[in-house]
Amino acid sequence: MDRKFLQKPSVEELNKLGKNTISEVLGMSFTEIGDNFLMAKMPVDKRTHQPYGLLHGGASVVLAETLGSVAAMLMVDPEKFYCVGLDINANHIRGIKEGWVYGKTTPVHIGRTTQVWHIEIKNEREQLICVSRITMAVVKK
């Protein structure tokens, strides 16, 4: 899909959004913004582990939802609209015990009232860890 972001903040500005949120608690940070994609990274450590020492699937979903939600807001005029999640799913493909995971979100559908975003989360060796899809509602203020 070739739709471009209406807003194009810097990576630094995007990272300020995460202050005092779950993103900060989990150590997430945005790493790149393109014309219609966002990328972020998250550590795999005690903050993001499940009890058996692997990356918690819920942490992957938080990364996916953060990417999809922020990307959705960049597609709308924030003075007139806000975006909220309607549905998210995730398939956990491969486990990881340490290091970093990197998420990238790209648009599948950008409509007047809904958006659908595809998110892939990979490890440092570019191996797929999780694939997710989020549907966002676009709501008038």
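## Charges, fold and salt bridges at a glance

The 18 positive and 15 negative charges of the protein have mean positions that lie 2 Å apart. Welcome to a predicted model with three helices and six strands.

**Overall fold**

- Along the sequence, the elements come in the pattern α-α-β-β-α-β-β-β-β.
- The radius of gyration is 15 Å, which agrees with the value near 14 Å that a compact globule of 141 residues would have.
- Along the principal axes, the C-alpha atoms fill a box of roughly 45 × 25 × 25 Å.
- Of the contacts with a separation of 6 or more, 64% are between residues 24 or more positions apart.

**Surface and burial**

- Buried residues account for 39% of the 141 residues.
- The protein has an accessible surface of about 7,800 Å², and carbon and sulfur atoms contribute 51% of that surface.

**A look at Pro-107**

- Pro-107 sits in strand β4, which covers residues 99-110.
- Is Pro-107 buried or exposed? Its relative accessibility is 9%, so Pro-107 counts as buried, the cut-off being under 20%.
- Leaving aside residues up to four places away in sequence, Pro-107 touches Met-1, Asn-36, Val-116 and Trp-117.
- Lys-4 is 103 residues from Pro-107 along the chain, yet their C-alpha atoms are separated by 9.6 Å.

**The network around Asp-35**

- The structure holds five salt bridges, and a network of them links Lys-4, Lys-8 and Asp-35.
- One of the bridges joins the side chains of Lys-4 and Asp-35, at 3.9 Å from N to O. Lys-4 belongs to the segment before α1 (11-17) and Asp-35 to the loop between β1 (29-33) and β2 (38-44), so this pair ties together parts that are 31 residues apart in sequence.
- Asp-35 also meets Lys-8 in a salt bridge, with an N to O distance of 3.4 Å. Because Lys-8 lies in the segment before α1 and Asp-35 in the loop between β1 and β2, the pair ties together parts 27 residues apart in sequence.
- How accessible are the three partners? Lys-4 is exposed, with a relative accessible area of 52%, while Lys-8 is partly exposed at 49% and Asp-35 is partly exposed at 39%.

**A further salt bridge**

- The side chains of Lys-122 and Glu-120 form a salt bridge as well, at 3.8 Å from N to O.
- Lys-122 is partly exposed, with 25% relative accessibility, and Glu-120 is partly exposed, with a relative accessible area of 29%.

Technical notes: Residues are numbered from 1 along each chain as its sequence is written. This is a predicted model: local features need pLDDT of at least 70, side-chain atom pairs count only at pLDDT 80 or more; totals for chains, interfaces and linings use all residues. Side-chain values use heavy atoms; hydrogens and water are left out. Helices (H or I, at least four residues) and strands (E, at least two) are DSSP runs, numbered from the N terminus. The radius of gyration is taken over C-alpha atoms; the globule rule is 2.2 Å times the number of residues to the power 0.38. Buried means under 20% relative accessible area, exposed over 50%, partly exposed in between (1.4 Å probe, protein chains only). Contact means heavy atoms within 4.5 Å. Accessible areas come from the Shrake-Rupley method with a 1.4 Å probe; for residues, only the protein chains shown count as cover. Lys and Arg count as positive and Asp and Glu as negative; His and the chain ends are not counted. The place of a charge is taken as NZ of Lys, CZ of Arg, CG of Asp or CD of Glu. A salt bridge is a side-chain nitrogen of Lys or Arg within 4 Å of a carboxyl oxygen of Asp or Glu.
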